[in-house]
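Reader: Could we go through the aromatic contacts in this structure together, one at a time?

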Amino acid sequence: MAATSISSATNKLTDRSRPLPLHTTAAGSSAARLSFANSSISIQKLAISAASRNPAPRGSAVSALKTARESEQASKPRNSDSAEKSPKPTVLVSEKLGEAGLDLLRSYGDVECLYDLSPEDLCARIGEFDALIVRSGTKVTRQVFEAAKGKLKVVGRAGVGIDNVDLQAATEFGCLVVNAPTANTIAAAEHGIALLAGMARNVAQADASMKAGQWQRTKYVGVSLVGKTLAIMGFGKVGSEVARRAKGLGMHVIAHDPYAPADRARALGVELVSFDQAISTADFVSLHMPLTPTTNKIFNDATFAKMKKGVRIINVARGGVIDEDALVRALDEGIVAQAALDVFTKEPPSKDSKLVQHENVTVTPHLGASTKEAQEGVAVEIAEAVVGALRGELSATAVNAPMVPPEVMSELAPYVTLAEKLGRLAVQLAAGGSGIQSVKVVYGSSRDSDSLDTRLIRAMIVKGIIEPISDAHINLVNADFIAKQKGLRISEEKVAVDSSPDSPIDSIQVQISNVGSKFESALLENGNISIEGRVKDGMPHLTRVGAFSVDVSLEGNLFLCCQVDQPGMIGTVGNILGESNVNVSFMSVSRTVKRVKAIMAIGVDEAPDKETLKKIGEVPAIEEFVFLDL
């Protein structure tokens with residue numbers, strides 16, 4: 001680019017309020033509202049937290065992110081009092097929770113227990129809280145996330161099922177959802193077995209009969225469990241425990257679950273079969289599947305028609321998996337001999353429910369997890385998950401975020417800032433009206449692809465690319481969703497390099513294709529914008545721009561100048577910046593051929609004004625330049 005064109009382009013270079021837009025799909029108007037900054041779930045903080053539990057060699061993980069965070073905060077007003085007395089996170093508990101869990105929450109934040117809130121009241125209050133803890137009775141809908149206006153960072157479900165939480169909306173708004181899947185496993189399994197045995201021997205009906213003054217021994221003759229076939233529909237934690245106990249009762253156990261590992265089933269002496277085989281051969285059918293669009297009313301007229309006449313059904317999972325009207329018809333026709341139900345489509349069910357009042361149905365009011373031990377265990381488990389999330393840790397029970405093990409977070413911590421900085425640089429180098437649609441990330445590593453988990457790094461690159469040019473706030477929860485929503489395709493490639501196996505990544509290269517560039521020297525021969533970075537001494541560095549090798553610490557702001565390689569250029573540009581009171585923090589020069597062309601990278605503490613940029617652009621030997629805000 002000629003010097004004369006630099007001057008005319010200066011306004012565009014310095015106008016950072018109008019960067020290149022991403023290509024946006026028809027659905028691309030919605031944006032997430034939650035940032036990971038400060039008290040919310042920072043991906044950087046996630047890495048720091050993991051590093052503190054699993055320190056990387058020489059402490060580089062923590063020091064890298066600590067230094068980066070300090071540099072980011074350096075220009076902000078400091079208030080030691082406010083820093084020392086930062087407000088505690090606020091937690092709303094909308095349904096009863098065990099005292100042990102509440103005590104744990106109170107030790108970390110301000111807790112308010114507001115039970116039996118209406119949907120309208122929940123929406124009215126939710127904007128005051130960082131976290132919400134619910135059981136099964138509170139519906140956390142899209143309206144709740146919208147009413148939170150970005151304040152809500154984590155929703156904790158005290159139990160296993162999360163069908164009362166709108167996961168799609170939570171993900172869009174960057175809110176982490178965690179559950180407590182293990183504490184009530186045994187309680188739910190025991191209740192399933194209790195219903196199984198009680199139904200087989202008509203315990204509830206006989207009890208009611210005797211209390212009504214009757215003695216009906218012949219009416220309540222039961223059936224034996226020994227030798228009968230039990231089909232477990234959903235072979236997860238609870239289903240597996242039910243199987244273990246049913247085997248002890250002498251039952252033949254089969255199971256259907258498309259995701260269950262065959263070796264685990266074999267270890268318990270359980271045969272995995274198809275859905276139709278399970279329902280058509282079983283004497284008893286015990287339901288342990290989640291409620292999803294696929295399983296909603298999966299037990300309907302057609303399903304019951306395939307069952308053995310006289311089958312008995314137990315449900316301690318989710319009421320919605322059964323078409324309750326169809327079950328009543330199956331009971332009346334004798335296809336289903338008995339049913340024992342702990343859960344219902346609508347809870348509580350209506351008092352005149354034909355299903356509840358049916359003489360061959362045993363019902364309990366959602367007692368699956370209702371033991372003293374389970375209630376305390378669930379309370380502690382969900383409190384630990386919520387507190388961990390508020391501290392910036394990614395819980396192992398998160399249900400809407402990729403599971404990144406702590407040891408991986410610790411190892412990748414130094415590369416977190418690098419990834420975001422490279423994304424920010426790349427998007428500022430792009431020009432043109434078509435929008436960014438395709439980004440390629442190339443990792444240089446000595447490790448096998450299977451042992452290199454890059455989800456955290458990819459999320460940070462997406463964050464760096466999207467946040468500067470939209471109102472979306474990106475985190476590990478919603479990065480992939482927002483990228484897809486914006487029409488941004490991210491491809492990844494791993495290139496084998498000869499580097500230390502102790503380092504998971506040697507270099508990260510970000511390429512943007514099918515766009516112009518504000519700095520043509522950043523283009524490769526294939527026309528892609530390309531920048532590359534490495535971590536050096538725990539700090540992120542820019543090491544390549546296009547075909548030019550550079551060595552620039554990624555902090556503060558950055559000038560990139562392409563110039564004729566001649567004496568005096570460093571002094572000329574430095575003098576212009578000095579006259580404008582812009583402090584230079586570092587300078588690096590790279591050239592292709594002596595006295596032909598060079599790239600000068602200049603780090604500055606302050607953003608120069610338009611007049612300063614204009615003077616730099618008017619230097620005859622400068623062919624093009626760009627100012628980048630890091």
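Predicted model: local features only at pLDDT ≥ 70, side-chain atom pairs only at ≥ 80, totals over all residues.

Reader: How many aromatic pairs does a search of the whole structure find?

Author: Rings are counted as a pair if their centres lie within 6.5 Å. With the whole structure searched, the number of aromatic pairs found is 4.

Reader: What is the geometry of the pair formed by phenylalanine 275 and phenylalanine 299?

Author: The two ring centres are 5.8 Å apart, and the angle between the planes is 45°. Because planes under 30 degrees apart count as stacked and those over 60 as edge-to-face, the pair of phenylalanine 275 and phenylalanine 299 is classed as tilted.

Reader: How many residues apart in sequence are the parts that this pair ties together?

Author: Phenylalanine 275 belongs to helix H13 (residues 275-281), whereas phenylalanine 299 sits in the loop between strand S9 (284-287) and helix H14 (301-305). The pair therefore ties together parts whose separation in sequence is 24 residues.

Reader: Is phenylalanine 275 buried or exposed?

Author: The relative accessible area of phenylalanine 275 is 18%. Since the cut-off for this class is under 20%, phenylalanine 275 counts as buried.

Reader: Which strands does the pair of phenylalanine 559 and phenylalanine 625 tie together?

Author: Phenylalanine 559 and phenylalanine 625 form a tilted pair, 6.2 Å centre to centre. Phenylalanine 559 is buried at 0% relative accessibility, and phenylalanine 625 is buried at 1%. The parts they tie together are 66 residues apart in sequence, namely strand S21 (residues 557-564) and strand S24 (residues 622-629).

Reader: Which residues do ring pairs link into a cluster?

Author: Phenylalanine 559 and phenylalanine 625 form an aromatic pair. Ring pairs link these residues into a cluster whose members are Phe559, Phe625 and Phe627.

Note on methods: Residues numbered from 1 in each chain as written. Heavy atoms only, no water. Phe/Tyr/Trp six-rings, centres within 6.5 Å; stacked < 30°, edge-to-face > 60°. Helix = DSSP H or I, 4+ residues; strand = E, 2+ residues; numbered from the N terminus. Buried < 20%, exposed > 50% of the residue type's maximum accessible area, 1.4 Å probe, protein only.
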